[in-house]
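Thanks for coming, everyone. Let me put the structure up, and we'll walk through a few local features.

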Amino acid sequence: MEEILKILQVSELNDYIKGLVERDPVLQDLWVEGEVSNLSQSVAGHLYFTLKDSGGQIRCVLFRSSLLRQSFLPKDGDSVIVHGRVGIYGAQGLYQLYVDLVQPQGVGFLHLQFEALKARLEEEGLFDQARKRLIPPFPQRIALVTSPVGAALQDILNIIKRRYPLVEVIVAPALVQGSEASESIASAMRTVSMVEGVDLLILARGGGSLEELWPFNEEVVARSIFASRIPVITGVGHETDVTIADLVADLRAPTPSAAAELAVPDRSECLARLDSWQAEMESRVEKTTASCRHRLAIQGEGLDRLSPARTIERWRGQIRNMIDSCSRLIHWRIQIEKSVFEGVISRLDALSPKAVLERGFSICRLLPGGEIVRSTRQVLSRDKIEVQVSDGVFRGTVW
Amino acid sequence: MENLSFEEAFRQLEETVQALEQGGLDLEEMLRLYERGIKLYKICSEHLEAAELRVKQLSLSLEGNVTLEPVPPEPQESGQ
């Protein structure tokens, strides 16, 4: 039987090809290598270039959103590996490669996978800083997901024991290398989530090669960490190893030992802080009681000054002073009077006949009457007279 | 008060010290806060000094039961 000749429109043809391409899983997830040429950037920021080798070429476009995530920027002549999908641009009858990742050739395949997953998870927001939780300053129960036989476990336990033995550590053993490790880690983290009271999780593994650390770059582990209710600290490999798990974690430590140090406070620092607080409290209280004592003393002095005893004492003092003044006055007055009196006495004395008598004069008295003889006319011969001299009297008869 | 966790006691002590530092308290309040502070200090010190690290191992049975088994402490290293 003859088939009717089917005649297609151009657009129908293009749609058919588009359908074929979009349904093909290989074409939708490709890694391609080649050399970059005809590189240009559109006004919108998209990167257009041709990828070629000796046998052919293909047009590529790297959209701005993917370009922004690139740490490597291709130039003309670079040998690269790209990841992307084939698409049909029907309006112009072209097919091109929609690239989401460009890496220089020579980089290992593992590295390519790493970059691809990293880009994808970053886009989904697994690495967002805003979503990262704070590590509790004084954890009470720490879960430790690590190999039960590695050195990392002992290192971490020793450090926690030294720094902060208050905490309880729960070891959730897991495989940390090999193809089963990522599922083992995810399972251990799930089991941890069933335990009550865990406030921090440490995911740790000692140093190793990229292959050995690979489980920590797998999507399963990354999603496990992202889904964890509890904050996660990762301590994987050496200082320079950064795994995808580190990027998703709430806090990345460069090594397992560093993770232990970040997880718990240091006991001796706490004790030092406690001691300084105690000293501070004591000094405050001492200052205040000293100032209170001082104020009390001042009040005491004030009270003292006002006290009845003091008042009485003061009055007594005043009275004593007054008495002293009085006695002095009296004494002085007496002195004055005495000297006045003595003055009078000596004047009197000066006027007394005694001095005259002592000078040689005598008082003559006519007896028996005792009249003082002042004149010769007062006496006749044979009159009896009494003569008073300085030290006594004697009698006589007038001649 | 004696049942306070280390963290809670530590936090309360910090608040107490801050309150004392701010001042403006009468003597009785101050002495009361000081007493409280010393109690909290003792609780914190005891937690820190008496603590011995407890380590437990987690296992998940086939039925999905989670168990925690204590892990005996490592023998003390000499000279630590």
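Is Asn38(A) buried or exposed? Asn38(A) is exposed, because its relative accessibility is 60% and the cut-off for exposed is over 50%. Keep in mind that this is a predicted model.

Stay on Asn38(A) for a moment. This residue sits in strand 1 of chain A, which covers residues 30-41.

Next, Arg382(A). Here too phi is positive in a residue other than glycine, with a value near 75°. Arg382(A) is placed in a loop of chain A, between strand 12 and strand 13, the latter being 384-389. Its relative accessibility is 71%, so Arg382(A) counts as exposed.

Now the backbone again, at a proline. The peptide bond running from Leu367(A) to Pro368(A) is cis. Omega there is near 0°. Most peptide bonds are trans. Pro368(A) belongs to the loop that links strand 11 (363-366) with strand 12 (371-372) in chain A.

Last stop, the surface. Which residues make the nonpolar patch? Leu8(A), Leu13(A), Tyr16(A), Ile17(A) and Leu20(A) make it, and its area is about 460 Å². Take Leu20(A) from that group. Leu20(A) lies in helix 1 of chain A, residues 10-23. Its relative accessibility is 44%, so Leu20(A) counts as partly exposed.

Technical notes: Residues numbered from 1 in each chain as written. Chains lettered and ligands numbered in written order. Predicted model: local features only at pLDDT ≥ 70, side-chain atom pairs only at ≥ 80, totals over all residues. Heavy atoms only, no water. Patch = residues over 30% accessible without salt bridge, like charges linked within 9 Å, V, L, I, M, F, W, Y side chains within 5 Å. Areas by Shrake-Rupley, 256 points an atom, 1.4 Å probe, with all protein chains shown as cover. Salt bridge = Lys/Arg side-chain N within 4 Å of Asp/Glu carboxyl O. Helix = DSSP H or I, 4+ residues; strand = E, 2+ residues; numbered from the N terminus. Buried < 20%, exposed > 50% of the residue type's maximum accessible area, 1.4 Å probe, protein only.
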